[in-house]
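Open the model in a viewer and keep the sequence panel beside it. The stops below are meant to be selected one after another.

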Amino acid sequence: MTADIVDRLTKHPILGSVPRAELEWLAAHGTLKRLEAGDQLSTKGNPVVAMYVMFSGRYALFMDRGAGPQKFLEWSGNEVTGALPYSRLAVAPGNAVAMEAGEVLFVPKEHFRELTRECPELTAILVRHDVRDVDVPQ
């Protein structure tokens, strides 16, 4: 299973250029999950506990600013979101929901210290990706 995940990571548009050894580390420390439409990645007000490497599916962040939940962001497969190394995101600003079935590699935050030490090129890509992303209000 890990070899399959590594092969998929080598084709990921954001992470595909990372050295294979670092992708192997990522695959070994993550859990591949299948989400169905309606499943939640994160819940408003709760800690964001993982990085989400999306392989397929469509996902959206819904935020309520007093007029009911409104779609704020949408991701398709082949994105990376959630908690990232050195990110300020700690608590979900809204509900992140699967809009259609898809597969996501969940990498828990407790591995980030080791990730930054063992995977310098992956870390650099994730930091650049985090900086260019939209700053989601808390």
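**Before starting**

This is a predicted model, in which local features need pLDDT of at least 70 and side-chain atom pairs count only at pLDDT 80 or more, while totals for chains, interfaces and linings use all residues. Residues are numbered from 1 along each chain as its sequence is written, and side-chain values use heavy atoms, with hydrogens and water left out. Helices (H or I, at least four residues) and strands (E, at least two) are DSSP runs, numbered from the N terminus.

**Stop 1: the sheet with β3**

Select β1, β8, β3 and β6. In that order they form an open, antiparallel sheet of four strands; two strands are paired if DSSP finds at least two bridges between them. β1 and β6 are the edges, and each has a single partner strand, so one side of each lacks a neighbour in the sheet. From one strand to the next the twist averages 30 degrees. Axes here are lines fitted to C-alpha atoms, for helices over the stretch in contact, and angles run from 0 to 180 degrees between N-to-C directions.

Now go through the pairings. β1 and β8 run antiparallel and are joined by five bridges, with K33 opposite V104 in β8. β3 is also antiparallel to β8, again through five bridges, and V53 stands opposite L105 there. Towards β6, β3 has three bridges, antiparallel as well, and V53 faces V80 in that strand.

**Stop 2**

Colour β3 by accessibility, with buried meaning under 20% relative accessible area, exposed over 50%, and partly exposed in between (1.4 Å probe, protein chains only). Five of the five residues of β3 are buried, so the strand is largely enclosed by the rest of the structure. The cover is on both faces: A50, Y52 and M54 are buried on one side, M51 and V53 on the other.

Next select T81, in strand β6 (residues 80-82). Its relative accessibility of 11% makes it buried. Leaving out residues up to four places away in sequence, T81 touches A50, M51, Y52, M54 and W75; a contact means heavy atoms within 4.5 Å.

**Stop 3: the helices on the sheet**

Show helix α1 (residues 2-10) and pick I5, V6 and L9, which are buried. These residues cover an arc of only 100 degrees around the axis, which puts them on the same side of α1; the arc is that of the directions from the helix axis to the C-beta atoms. The buried residues of α1 pack against α2 (20-29), β1, β3 and β8.

**Stop 4: rings and charges**

Y52 is in strand β3 (residues 50-54) and F106 in strand β8 (residues 102-108), so the pair ties together parts 54 residues apart in sequence. Y52 is buried at 4% relative accessibility, and F106 is buried with a relative accessible area of 11%.

A charge sits over a ring if NZ of Lys or CZ of Arg is within 6 Å of the ring centre and within 35 degrees of the ring normal. Then select R8 and F55: the charged end of R8 sits over the F55 ring, 4.5 Å from its centre.

**Stop 5: the other sheet**

Select β2, β7, β4 and β5, which in this order make an open sheet of four strands with antiparallel pairing. β2 and β5 (69-76) are the edge strands, each pairing on one side only. Neighbouring strands of this sheet are turned by 30 degrees against each other on average, direction ignored. β2 pairs with strand β7 (residues 95-100) over two bridges, in the antiparallel sense, and Q40 stands opposite V97 in β7.

**Stop 6: A37**

Finish at A37, in the loop between β1 (31-35) and β2 (40-42). Is A37 buried or exposed? With 52% relative accessibility, A37 counts as exposed. Not counting residues up to four places away in sequence, A37 touches A98, M99, E100 and A101. To R58 the C-alpha to C-alpha distance is 8.7 Å, with A37 and R58 21 residues apart in sequence.
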